[in-house]
Amino acid sequence: ADIPPPPAPSVKPTENFLKITSPIVGTFYRAPGPDEAAFVEVGDRIQAGQTVCIIEAMKLMNELEAEISGEIVEVLVENSEPVEFGQTLMLVRP
């Protein structure tokens, strides 16, 4: 049986995007090192389990793995910016 697609959201276009959020308070890094390429760029397809950024907390570099698959549509945090627990880091189109 065909399942009709869910109705388009009428409020904000971001509502159907998935969010990658910070699991900890720390410093956000887009790349593994200062002279290295970012883990992901806008437009990249990611897979669940793929490293998307690093959150540094108390000198520990915590690689953040995506729990979702899709296309990166926006990176909401600048490199080396402090982030809060639960803060949205990236938007992903499933």
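Student: What should I know before I start?

Tutor: This is a predicted model, so local features need pLDDT of at least 70 and side-chain atom pairs count only at pLDDT 80 or more, while totals for chains, interfaces and linings use all residues. Residues are numbered from 1 along each chain as its sequence is written, and side-chain values use heavy atoms, with hydrogens and water left out.

Student: How are strands named and paired?

Tutor: Helices (H or I, at least four residues) and strands (E, at least two) are DSSP runs, numbered from the N terminus. Two strands pair if DSSP finds at least two bridges between them. Here, 4 strands form an open, antiparallel sheet in the order β1-β8-β6-β3. Its edge strands are β1 (18-21) and β3, each of which pairs on one side only. Within it, β6 and β8 pair in the antiparallel sense over 4 bridges, and Glu74 stands opposite Leu91 in β8.

Student: How many bridges join β4 to β5?

Tutor: There are 6 bridges between β4 and β5, and these strands run antiparallel. Ala57 has Leu60 in β5 as its bridge partner. The two strands form a hairpin with 2 residues between them, and Met58 in the turn has a positive phi of about 50°.

Student: Is Thr51 buried or exposed?

Tutor: Buried means under 20% relative accessible area, exposed means over 50%, and partly exposed lies in between (1.4 Å probe, protein chains only). Thr51, found in strand β4 (residues 51-57), counts as buried because its relative accessible area is 17%.

Student: Which residues does Thr51 touch?

Tutor: A contact means heavy atoms within 4.5 Å. Leaving out residues up to four places away in sequence, Thr51 touches Phe39, Val40, Glu63, Leu64 and Glu65. There is also a polar contact, which is a pair of N or O atoms within 3.5 Å; within protein, one must be able to donate a hydrogen and the other to accept it, and residues adjacent in sequence count only if both atoms are side-chain atoms. The side chains of Thr51 and Glu63 make such a contact at 3.3 Å.

Student: How many salt bridges does the structure hold?

Tutor: A salt bridge is a side-chain nitrogen of Lys or Arg within 4 Å of a carboxyl oxygen of Asp or Glu. The structure holds 2 of them. In one, Arg93 joins Glu71, with the closest N and O atoms 3.4 Å apart. That pair links strand β8 (residues 88-93) with strand β6, across 22 residues of sequence. Arg93 is partly exposed at 37% relative accessibility, and Glu71 is partly exposed at 23%. Glu41 forms a salt bridge with Arg30, where the closest N and O atoms are 3.0 Å apart.

Student: Which residues line the largest pocket?

Tutor: Rolling a probe the size of a water molecule over the atoms shows where empty space is left. On a 1 Å grid over the protein atoms alone, using a 1.4 Å probe, a pocket is an open set of points with protein on both sides within 12 Å along at least five of seven lines; lining residues have an atom within 4 Å of a point. The lining of the largest pocket includes Lys19, Ile20, Leu64 and Glu67. Its largest share, 3 residues, comes from β1. Glu67 lies in the loop between β5 (60-65) and β6 (70-75) and is exposed, with a relative accessible area of 75%. Glu67 and Lys19 are 48 residues apart in sequence and 9.7 Å apart in space, C-alpha to C-alpha.
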